[in-house]
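I am opening a notebook page for this structure. The entries below follow the order in which I looked things up.

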Amino acid sequence: MRRILRIPASAPDRHDMAQELIQTQEQQLAQQQQQRLTAQQVMVVRMLEMPLAQLEQNVQAEMDENPALEGEEPDFTGDRTEREADDSDGDDDFEAEEERKEREDELDSALDSLDRDDRMDSSNYERANNNDPDADQEERIYGNTESFYDSLRDQMREHTLTERQEMIMEYLIGSLDDDGLLRKELSAVSDEIAIKEYMDVSEDEIEHCLTILQSFDPAGIGAQSLQQCLLIQIFRRQPSHVTSLMHRVINECYTDFAKKRWKRITERLGLSEYTAEEVFSEIRKLNPRPGAALGETMGRNTQQVTPDFVIDVDEDGNISFTLNRGKMPQLYVSRDFENMIDAYRQNPQSMTRSDKEALLYAQQKVSRARSYIEAIQQRQKTMTDTMRSIIALQKAYLTSGDEADMKPMILKDVAGRAGVDISTVSRVCSSKYAETPWGIIPLKKLFSDAYDTGNGEAVSTRIIKNALRELINSEANGKPLSDIKLAEEMKKMGYPIARRTVAKYREQLGIPPSNLR
């Protein structure tokens, strides 16, 4: 039996009522392809991003947390067999060995301190009277060890932030260039956090944290452009008539300011000659590189870098390399846990509830230990394959050490040769260093785009940037070259690049425009 609902024709909203009563539900079947990383893949990805020093800490933390994961200290003296024999004598020998190591560490520390004090005391008088040029270097090494980023993190802790905001703030601080500016779009930062931290962060959240970062000292830190950097510094000043005019010059006349059109600015703002000179004089006191200024106030200390690769070049020009293991032990699964699992499996019928719980615990820890060891091995293989490809592409530069021999190379080139994904190469080269006969270099230095010089020859953009830096460094005092003049001089040197390209490379090198040099 079917019921029929009749709607009176006289109802003024007859059509609307019918539409409300007649409702349809549609079910659509859509096929989507999604790629999800397993826990093992996530572990490998995170390890690839870690430099050696951070990996050592991660390994130690994993060993402390997982009793089924044990490690044997790397042997540098060749007496491994003798030590193993000593260790097999019992707990007393183990405690004696640990005590001996502690005494050696304390002695080494005391000798290092004594040697440092002697060198500093003996050179104090000479530095004070002879202005020894090495004094600045010693001050950097033995003076204040707080870094540029440590200072910003200390200021971050003074604010009440959520764990999510702290993560965003940490990433923003790590993304600042040497000038202390964030030369990235917020959308790019959001994408990077999603890839590296596996966290979906909106641009509004990033902008909120960036606003807090821009309140840090020195003024101008975290600005996204030179104009914003100067405006932040002006905003921090005491309000006055001159400060207001400075703000108008940078905010309303920035194009003329960047091109040093002082007369046009004076006429546009209706300033007297005296007032204009006072305003321009105060603007020149602003710092276009607040990050560099912070580095100087923090003692200009050098940061110790631990190379992840050691590259050697023999007399015949053959290149070889090794992975630096540092103090990372050789990992293996605990025999005690494996024996425990075997013992429980031999008598499954007689297992009590507590025995089953112990077996489950042991199996989880052993499985975790094996996965961790496998991730370490996968990291080493990937880094080895990647470095082998980099050496093949940059053999000329690594052999001579001359940047003129550096070939254009991008992530795609290395990924194709190593047979891995581009993102994998990016993670391998992130925050990694290589020790070469020509010094310790960051791996990212080996990457650069290709630029066509017009005669069919492609050169590395790094070579062009170095030529541009040398050209600017050779400018006459008080007569800096404009970007147009720099483009003309670069063309004479065989690098026909446009003015906009000069400006882009100059900003990437952290060099201010001519009016601020």
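This is a predicted model: local features need pLDDT of at least 70, side-chain atom pairs count only at pLDDT 80 or more; totals for chains, interfaces and linings use all residues.

Entry: Lys381 and Asp385 are four residues apart in helix α18, so about one helical turn separates them. I checked accessibility next: Arg388 is at 47% and counts as partly exposed, and Lys381 is partly exposed at 49%.

**Entry: salt bridges elsewhere.** I searched the whole structure and got 19 salt bridges. One of them joins Glu282 to Arg237, with the closest N and O atoms 2.8 Å apart. Glu282 sits in helix α15 (residues 273–283) and Arg237 in the loop between α11 (226–236) and α12 (241–252), so this pair ties together parts that lie 45 residues apart in sequence. Is Glu282 buried or exposed? I read a relative accessible area of 19% for Glu282, which is under the 20% limit, so Glu282 counts as buried. Arg237, at 28%, is partly exposed. I also found a salt-bridge network that links Arg237, Glu282 and Lys285.

**Entry: nonpolar cores.** I looked up the largest nonpolar core and counted 46 residues in it. Those with the most contacts inside this core are Val59, Leu331, Tyr372, Met387, Ile390, Leu446 and Phe447. Helix α18 gives the most to this core, twelve residues. I then listed the contacts of Leu446, leaving aside neighbours within four places in sequence: they are Ile390, Gln394, Tyr397, Leu398, Met409 and Ile441. A second, separate core has 22 residues, among them Tyr171, Leu172, Ile173 and Leu213.

**Entry: cavity.** How many cavities of 30 Å³ or more does the structure hold? I found one, and the largest cavity contains about 70 Å³ of space. Its lining includes Leu52, Leu55, Asp308, Arg325, Arg379 and Met383. The elements that give two or more residues to this lining are α3 (52–65) and α18 (353–393). Helix α18 supplies the largest share, three residues. I sorted the lining residues by type and got five nonpolar, two polar and three charged.

Key
Residues are numbered from 1 along each chain as its sequence is written. Side-chain values use heavy atoms; hydrogens and water are left out. On a 1 Å grid over the protein atoms alone, a cavity is a set of points where a 1.4 Å probe fits but cannot get out, and a pocket is an open set with protein on both sides within 12 Å along at least five of seven lines; lining residues have an atom within 4 Å of a point. Grid points are joined across faces, edges and corners, and a volume is the space filled by probe spheres set on the points. Ala, Val, Leu, Ile, Met, Phe, Trp, Tyr, Cys and Pro count as nonpolar, Asp, Glu, Lys and Arg as charged, and the others, Gly among them, as polar. A nonpolar core is a set of buried Ala, Val, Leu, Ile, Met, Phe, Trp, Tyr and Cys residues joined through side-chain atoms within 4.5 Å. Buried means under 20% relative accessible area, exposed over 50%, partly exposed in between (1.4 Å probe, protein chains only). Contact means heavy atoms within 4.5 Å. A salt bridge is a side-chain nitrogen of Lys or Arg within 4 Å of a carboxyl oxygen of Asp or Glu.
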